[in-house]
Amino acid sequence: MEAFHAGLQTKLGKVSLYRDEGVVLRTHKLGEADRIITVLTKRTGKIRGVAKGVRRTSSRFGARLEPFTHVDLQLHTGRTLDVVTQVETIRPYGEALVADYPRYTAGVAMLETADRLIAGEKEPALRQFLLLVGGLRALAAAEHEARLVLDAYFLRSLAVAGYAPALDACARCQATSVRAFAIVAGGVVCGNCRPAGAAVPEGETLALMLALLKGDWAVADASEARHRTECSGLVAAYLQWHLEHGIRSLRHVEREPAT
Ligand SMILES: [Zn+2]
């Protein structure tokens, strides 16, 4: 990363400039004319920066710093927030998505999930960045059903975050004769390990989940609508559980007294 940083001596002292590319995850207003943008970058990880004057109609940056846009950025390091000094558009994925409601909402869910799965700022998350760009590109290209692309993104970003569901052997004992899907157990479970309340999806649904996790699009595209629906329900519940419990368990760890 050093190569992308350049020290600059000014009257005010040392200002550190850096350049990176990233996808704008969200923006919010700051004061009269500024915006804070949250970007998942390729090398630096998640960053938050101030884009000054972007809400004025004369702003050069404004349209380039909208959610979904893949941008090349230059920032200088601030004491609390970095300041955006240059922006170039690499690819405006939002333009392709905004005209198609299912694709747009799938894209919004991707941006939100990336933002929540990557909690820390300036911690490199290259695989998450590549997954997000790949997901947005697939949505914009419209080669697969939007919900399939979204479910594949959910499963793969969870896997990168360390929460891959077990799909081909029991999450608890590794037995290969699986009977049910239990979120609390971490995926499929055998008859012996099955907790109360575990879902019993069809075999084709589990095969679809595995295909989405592996990126096997020939299998995923050939799947039936009812298996897609069942798969989406399980993936959404699994994601939701990990997002909520991930944060809760982290708090629990921080409060644990030293032993
Ligand atoms: Zn088992």
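A: The answer below starts with the chain as a whole and then takes the pairs one by one.

The model is predicted, so local features need pLDDT of at least 70 and side-chain atom pairs count only at pLDDT 80 or more, while totals for chains, interfaces and linings use all residues. Residues are numbered from 1 along each chain as its sequence is written, and side-chain values use heavy atoms, with hydrogens and water left out.

The chain holds seven helices and eight strands, these being DSSP runs numbered from the N terminus (helices: H or I, at least four residues; strands: E, at least two). Of its 259 residues, 45% are buried; buried means under 20% relative accessible area, exposed over 50% and partly exposed in between, with a 1.4 Å probe and protein chains only. Contacts (heavy atoms within 4.5 Å) between residues at least 6 apart in sequence join residues at least 24 apart in 53% of cases.

Searching the whole structure gives 12 salt bridges, each a side-chain nitrogen of Lys or Arg within 4 Å of a carboxyl oxygen of Asp or Glu. Three of them are followed here.

One of the salt bridges pairs Arg19 with Asp72, and their closest N and O atoms are 2.7 Å apart. Arg19 belongs to strand E2 (residues 13-30) and Asp72 to strand E5 (residues 69-76), so this pair ties together parts that lie 53 residues apart in sequence. Arg19 is partly exposed at 29% relative accessibility, whereas Asp72, at 18%, counts as buried.

Glu21 forms a salt bridge with Lys42, with 4.0 Å between the closest N and O atoms. Glu21 is in strand E2 and Lys42 in the loop between E3 and strand E4 (46-51), so the parts tied together are 21 residues apart in sequence.

Arg26 forms a salt bridge with Asp115, the closest N and O atoms being 2.4 Å apart. Since Arg26 lies in strand E2 and Asp115 in helix H2, the pair ties together parts that are 89 residues apart in sequence. Arg26 has a relative accessible area of 37% and is partly exposed; Asp115, at 11%, is buried. Lys46 also takes part, as Arg26, Lys46 and Asp115 are linked in a network of salt bridges.

Arg26 is among the residues in contact with Ile37 when neighbours of Ile37 within four places in sequence are left aside; the others are Thr27, Ile47, Arg48, Gly49, Leu65 and Val84. Ile37 is part of strand E3 (residues 34-41) and counts as buried at 1% relative accessibility. Ile37 and Arg48 are 5.6 Å apart, C-alpha to C-alpha, and 11 residues apart in sequence.

To put the pairs side by side: Arg19, Glu21 and Arg26 lie in strand E2. Their partners lie in strand E5 for Asp72, in the loop between E3 and E4 for Lys42, and in helix H2 for Asp115.
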